[in-house]
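Please open the structure in your viewer and keep the sequence panel beside it. The tour below moves from one selection to the next and says what is found at each stop.

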Amino acid sequence: MGIPAAPVITSVFQDLVKTNAYKKGMPLQRFTFVPHPVAGKPASVCREYLEGKDPLTGKPVMQEIVEALTKPLTEEEKKTGFIERPTPPRLVGPDTPENLHQIFLKNGWTDGLPIVLPTEGKVAEMLRGTSHRPDEVVGTMRPSGPHEAWEYTVEKVAINAVMAGAEPKYFPVILAIASTGITSLFTSTTSFGRMVVVNGPVRDQIGMNSGIGALGPFNHANATIGRAWTLISRNLGGGGTPGQTYLGSLGNNLNYNNLCFPEKEEELPEGWKPLHVQKGFKAGESVVSLFSGWSIINNGGFKPYPYHEVMKYQSLGFFTSGTGNCFKSGVPDSAAFTVLLDPLVAKDLKEAKGFSTKEELSQWLMKNTFKTAWAYWACRPDDLKKAKEGVEPYASWLKLPEGALVPEPVFFDPKKPIEIIIVGGRTNPFWQAGDFNYIASGSVDKWK
Amino acid sequence: MKSKVILGYILACLLSMAVCVTTATAQGLSPSSPAPLGMPVVTMIECGEGYTSHELFDMKITLLEIVRGGKAWDLIKQASVSSKPPKIGFEYLLARIRFEFSSRGSPQACSHDLRREQMTALSADGKEYETPPVVPPKPELIGILHSGKSLEGWIAFLVLQGDSKALMAFDPSSGGGLSRGRVVWFQLY
């Protein structure tokens, strides 16, 4: 306390730090910005940044730092106390539909595709899909941990559901997604994708497709429920402005509808539980479950390949994906893996290979998936140090050739099991797999 | 053909700095409308970093009792003989508060670490009072809140004598940890 500080921030984080300063009651806090990124840049480049100019103000960086530390605070800067933000107006317009579409597009309130204009009538109609009051708070959402959380009501979720083109009968599912507070547009320099899995009677009640083409653009409920999540994340979760509240370097096409599909519960082999039951809900409950990851790959499961053995090798393809924790010193190299099985593949794994539950298959994959030696040492610098110090079993593993498998499971975190979900139309034994991990579930029934 | 005029909702914020809260004036959610004694304030707590875990919880906070002045000092002395009397011009203020915590979904794995630094006394114009180094009466308000559980206890503040409009702010995001939420406000009078 009492020691002057001059924060130096890379330029892409200006919105984040200014928001945080505002929230802490210091809207005029002094910041100095340097070019982004600094990660991976040699010291000489960082020095150039310091000797150069602030890219936002154009002033010399060092001069700004010195001034931030020494120049007396202005009367405005000295102000402390409570800051309350103004509530924005509830309505825009009136205007023509064409102009209103332009307003939504130009303000960044859409996903770039045409929307259904959320007129008062359409929003009122959407609100009839739930028994909850329009002003009830549904949740809070933020684009990443350090960002400010925004709070939203049933009415605000309804607005975005209308915009996505959803029908009122889908609204409880959309509210359940919103009630988790999870953004679909998580901001990081890596480009996250999300996945929504719907379980329980609501799947059929609203006509979702879990069969042929379930993950494709062929079903109104699958398409619009998933889309609504992205619009909610953008408009109610404070995210989705590239360069400010979204920093994914390449972006992720999955964000358009977040891989929204229902599990094909009717085709689960005997003894295999639906996802929501695995997560502690009753079979008769309707539930949404949300996943986070980046990418999906497809696999043709033609005999004589043993499907589970193929999955083992596929999972290894993801150990460098996502945040690349594998290569960060001091960070556990946690990997994630989720498999979406066509019912034909599930049937074979049960009947021919003897996996009597999803959990058995998941645990087998977790116990039997190993990295090659070079990858193991790259991901485990602490173990490499122990190996070099002669600590067993690492010392023995260090003698293995680079391409040999190190007998230490890749998926070691019991809190992050490999997830198995059944979906698809039995046209052939295919499956898709991705680096997705389960985050949370929300009850749909609560929002009816 | 000219289209029919349509009213559209403003669904979010024109600026990223604007707020998206429709209940800003609800009691306890703003320093200008702090919750009075006995009125529960329900706020949402987030837990998790958002990409491998994330859960929302409801936290119900009720300020149950306030004791200040000589009576508060008596209770503080009883709790610990090493506590010192208040600075000149100040007096102790004890607040008994109950926290209830419940998950809104699944997996219900998170907990909230309730810490002393999350609660601050402030004057009505927003100046923070310092935290007094005294032991409050038992039970002390500190501990881990798991889903479905509650905690109740005392916390000690030091406020200006005669400050009849002091406030308490509870900031669940203070003190590290993975759980976060908005600041909520209570009348300490």
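Which strands of chain A are included in what covers the buried residues of α1(A)? Before answering, keep in mind that this is a predicted model. Select helix α1 of chain A and colour its buried residues, which are A:D15, A:L16, A:V17, A:T19, A:A21 and A:Y22; the cover over them includes β1 (8–10) and β2 (32–34) of chain A. Step past the end of the helix to A:G25, which follows α1(A) and has a positive phi, near 85 degrees.

Next, turn to the surface and select A:V8, A:L50 and A:M62, which together form a nonpolar patch with about 230 Å² of accessible area. Of these, A:L50 belongs to helix α2 (residues 43–51) of chain A, and its relative accessible area of 37% makes A:L50 partly exposed.

Now select helix α13 of chain A, residues 343–351, in which A:P343, A:V345, A:A346, A:D348 and A:L349 are the buried residues. Their cover includes elements from several parts of chain A, among them α12 (307–316), α14 (358–368) and β13 (419–422). At the N-terminal end of α13(A), show the side chain of A:D342, which caps the helix with an oxygen placed 2.9 Å from the backbone nitrogen of A:L344.

Stay in chain A and go to A:N235 in helix α10 (residues 220–235), a residue that counts as buried at 1% relative accessibility. Its side chain makes a polar contact with the side chain of A:N160, at 2.9 Å.

Two salt bridges within chain A are worth a stop. The side chains of A:E263 and A:K358 meet at 2.7 Å, N to O; because A:E263 lies in the loop between β7 (260–262) and α11 (275–278) while A:K358 lies in helix α14, the pair ties together parts that are 95 residues apart in sequence. A:E263 is buried at 0% relative accessibility, and A:K358 is likewise buried at 0%. For the other, select A:D383 and A:R380, whose closest N and O atoms are 3.2 Å apart; A:D383 is buried with a relative accessible area of 7%, and A:R380 is buried at 14%.

Then bring chain B into view beside chain A. Across the boundary, 69 residues of chain A are in contact with 46 residues of chain B, and the two chains bury about 4900 Å² between them, 59% of it on carbon and sulfur atoms. The pairing of chain A with chain B includes 2 salt bridges and 8 residue pairs in polar contact. On the side of chain A that touches chain B, the elements that each supply at least two residues include α1 (14–23), β5 (150–153) and β15 (437–443).

To see one of these links, select B:R182 and A:E151, which form a salt bridge with the closest N and O atoms 3.0 Å apart. B:R182 sits in the loop between β10 (179–181) and β11 (184–187) of chain B and A:E151 in strand β5 of chain A, so the pair joins two chains. Here B:R182 is partly exposed at 23% relative accessibility, whereas A:E151 is buried at 9%.

Technical notes. Residues are numbered from 1 along each chain as its sequence is written. Chains are lettered from A and ligands numbered from 1 in the order in which they are written. This is a predicted model: local features need pLDDT of at least 70, side-chain atom pairs count only at pLDDT 80 or more; totals for chains, interfaces and linings use all residues. Side-chain values use heavy atoms; hydrogens and water are left out. Patches are made of residues with over 30% relative accessible area and no salt bridge: like charges are joined within 9 Å, nonpolar side chains (Val, Leu, Ile, Met, Phe, Trp, Tyr) within 5 Å. Accessible areas come from the Shrake-Rupley method with a 1.4 Å probe; for residues, only the protein chains shown count as cover. A salt bridge is a side-chain nitrogen of Lys or Arg within 4 Å of a carboxyl oxygen of Asp or Glu. Helices (H or I, at least four residues) and strands (E, at least two) are DSSP runs, numbered from the N terminus. Buried means under 20% relative accessible area, exposed over 50%, partly exposed in between (1.4 Å probe, protein chains only). Contact means heavy atoms within 4.5 Å. A polar contact is a pair of N or O atoms within 3.5 Å; within protein, one must be able to donate a hydrogen and the other to accept it, and residues adjacent in sequence count only if both atoms are side-chain atoms. Buried area is the accessible area (1.4 Å probe) that two parts lose on being put together, summed over both.
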